[in-house]
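Here are a few notes to read alongside the model. Take them one at a time, and keep the picture open as you go.

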Amino acid sequence: MSTVSPKSPAQHRRGLFASFLGYYAGQMHLFIADIVCAIVVAGIDLAFPQILRTLTGGLFRQGSDAITSALVYLLVGFVVMYAVRFGCRYFVAYWGHVMGARMESRMREDLFDAYERMSLSFFDRNKSGDLMSRLVSDLFDISEAAHHGPEFLLIGFIEVVGSFAILSFINVPLTVCLGVVLAILVVYNLRANLQMKAVFRENRVRISNVNSRLEDSLAGVRVVKSFAAEDVEREKFRESNEAYLDSKVRMYRAMGRYQAGIAALMGILYTLIVVMGGWLIAQGQMEATDLATYALYISLFTTPIENILNFTETFQKAIAGFRRFKEMVDSQPEIEDAPGASALKVTKGAISYHDVHFAYDSGDGEGAGENPEVIRGLNLDIRPGETIALVGASGGGKSTTCALLPRFYDVDSGSITIDGQDVRSVTQRSLREAIGIVQQEVYLFDGTIAENIAYGNPRATMAQIEQAAEKANIAEFIETLPDGYETQVGERGTRLSGGQKQRIAIARVFLKDPKILILDEATSALDNESEHAVQESLASLSRGRTTIVIAHRLSTIKDADEIATIDAGRVVERGTHEELLARGGTYARYYRMQFEGARA
Ligand code: ADP
């Protein structure tokens with residue numbers, strides 16, 4: 001399991017907050033400027049009705065000459081004021097977002113680093129869709145909160161408190177009435193928010209159902225087609241799509257009710273203010289201009305209140321997202337270099353498995369002892385330069401045996417050594433540099449053929465790449481392509497056959513030139529010609545290297561120097577093909593089942 005250091009909840013919260021602030025570091029100037037600009041915008045918005053009140057209440061009552069001469073000052077004053085507001089608004093909208101985006105980008109990089117650091121078992125336990133959604137949507141929520149947080153909360157706070165103070169100054173009875181309606185508004189908003197949150201949550205679950213249906217159907221498209229099960233898929237998709245539509249309709253109904261409710265409350269508020277204000281004016285207790293100013297301030301009120309209340313949801317999402325993010329970034333890979341680990345020195349390439357036990361960690365919180373052992377006391381000595389074929393029934397532990405050598409997983413007990421050095425005592429980098437792996441499923445990255453052959457070795461020269469392709473029997477084919485080595489492969493490029501991909505992967509390993517090889521022979525049938533070409537290049541690759549091959553073909557088994565039969569996590573027999581057949585044990589039985597009647 002990945003480990004996170006234990007902390008008390010309070011320490012954890014403080015640590016979380018501190019590390020969140022840490023992402024503002026390096027852009028403190030933007031943060032401060034953002035806040036100053038936000039305050040200026042709020043100040044100007046607050047000042048406007050007051051200025052208008054002063055003008056209508058005082059200046060505009062004087063003669064027309066006085067008004068005309070004041071208009072010039074007014075014009076200049078207003079132009080300056082709104083130019084400043086424009087600049088500040090622009091700063092908040094642009095640089096505020098840039099600040100959020102920069103934080104998000106740094107977090108994304110940190111998260112990607114964490115993913116790259118993790119051991120394979122981590123990827124066994126976590127679905128790639130989930131890891132991707134963390135990288136995209138969690139971080140988006142966080143950056144929204146990081147940017148809008150200070151702005152909404154600060155501007156909102158200043159506007160609400162400021163206008164309330166001014167309103168009380170203008171007229172106390174009206175403000176008491178306003179306060180009551182406002183309290184109702186807040187309660188209504190909180191309740192509506194609570195209801196809408198449930199609707200939103202359901203909506204998210206349903207859209208993710210639609211997505212996973214789609215993903216499943218696309219990933220399994222070959223199965224779907226081969227069972228002619230398009231109708232079944234269509235029906236399943238239609239169901240989840242309708243459920244999503246249904247929840248969306250409910251969401252819009254809730255939103256519609258909410259907005260209509262706010263509008264109704266505002267209507268009540270304005271009616272009350274006008275009627276009460278009119279009565280106060282009639283009683284000579286209020287000026288008409290004050291009432292107009294009053295109405296203007298009220299509109300300043302509601303938007304920030306709504307913003308603040310709505311923001312609590314974004315904020316909660318961001319906190320949850322940041323917590324998940326921190327957990328991931330802080331977790332330690334299960335497999336790490338031992339302190340003071342030295343580089344592996346491969347002198348001859350002798351490999352030795354000694355009484356190895358291993359169980360996959362299912363990651364469901366149970367102790368390691370609960371997981372079934374898949375390797376149970378495996379012993380295997382492989383001589384330098386030898387090719388050993390691992391054979392046996394599927395599920396016996398052949399792939400696992402191979403995965404333990406480059407430390408994709410660590411043994412639970414026992415040891416594995418290369419030229420006498422325990423694989424856990426050397427650096428993972430040097431260990432993995434010494435081992436070349438050709439897998440059944442070849443993965444080609446988006447990019448050119450040349451880049452794919454040189455994968456992991458950006459300093460490789462074109463001559464080296466061509467030489468590797470030559471050795472892997474693929475050079476001739478590459479040269480027939482219009483763009484040759486510059487041909488794009490992967491998602492965006494040329495489609496290659498299974499055999500061609502295999503040989504590109506073999507060229508990759510030729511270029512790497514490791515002393516030790518692990519070959520997982522493809523079980524899927526390549527056509528005869530491809531198979532022959534692949535076999536030939538594999539044979540030449542393994543020459544002079546210690547090779548472990550998970551063998552499925554009789555020809556490979558016969559060509560190997562030795563065969564080890566693996567059954568239920570142990571080596572049960574070892575010898576040449578003839579020796580093992582003569583013995584009439586597990587291998588002989590396996591041979592009869594797999595190959596009797598087949599030709600080598
Ligand atoms: P073989 O290569 O001989 O077919 P494997 O080494 O692939 O055998 O599998 C041995 C056992 O380990 C099987 O029971 C398999 O289900 C289990 N196993 C293989 N890979 C994993 C994994 N990543 N997580 C959990 N269990 C696994």
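This is a predicted model: local features need pLDDT of at least 70, side-chain atom pairs count only at pLDDT 80 or more; totals for chains, interfaces and linings use all residues.

1. How does the chain compare with a compact globule of 600 residues? Such a globule would have a radius of gyration near 25 Å, but the chain has 36 Å. The spans of the C-alpha trace along its principal axes are about 120 × 55 × 50 Å.

2. What share of the 600 residues is buried? The figure is 27%. As for contacts with a separation of 6 or more, 80% of them join residues 24 or more positions apart.

3. An unreviewed UniProt entry annotates residues 21–46, 66–84, 176–194 and 260–282 as "transmembrane region". Residues 176–194 are 100% helix and 0% strand, with end C-alpha atoms 27 Å apart. Residues 260–282 are also 100% helix and 0% strand, and here the end C-alpha atoms lie 33 Å apart.

4. Now for helix H6, residues 172–219.

5. Which residues of H6 are buried? They are Leu174, Leu178, Leu185, Asn189 and Arg206. As a reminder while you look at them, an α-helix has 3.6 residues a turn, so residues three or four places apart point the same way.

Terms used: Residues are numbered from 1 along each chain as its sequence is written. The radius of gyration is taken over C-alpha atoms; the globule rule is 2.2 Å times the number of residues to the power 0.38. A residue is buried if 20 or more other C-beta atoms lie within 10 Å of its own, exposed if 12 or fewer, and partly exposed in between; C-beta atoms are placed from the backbone. Two residues are in contact if their C-beta atoms, placed from the backbone, lie within 7 Å. UniProt positions are given in the numbering used here, feature names are shortened, and annotations may be inferred rather than shown by experiment. Helices (H or I, at least four residues) and strands (E, at least two) are DSSP runs, numbered from the N terminus. The expected span of a helix is 1.5 Å times one less than its number of residues.
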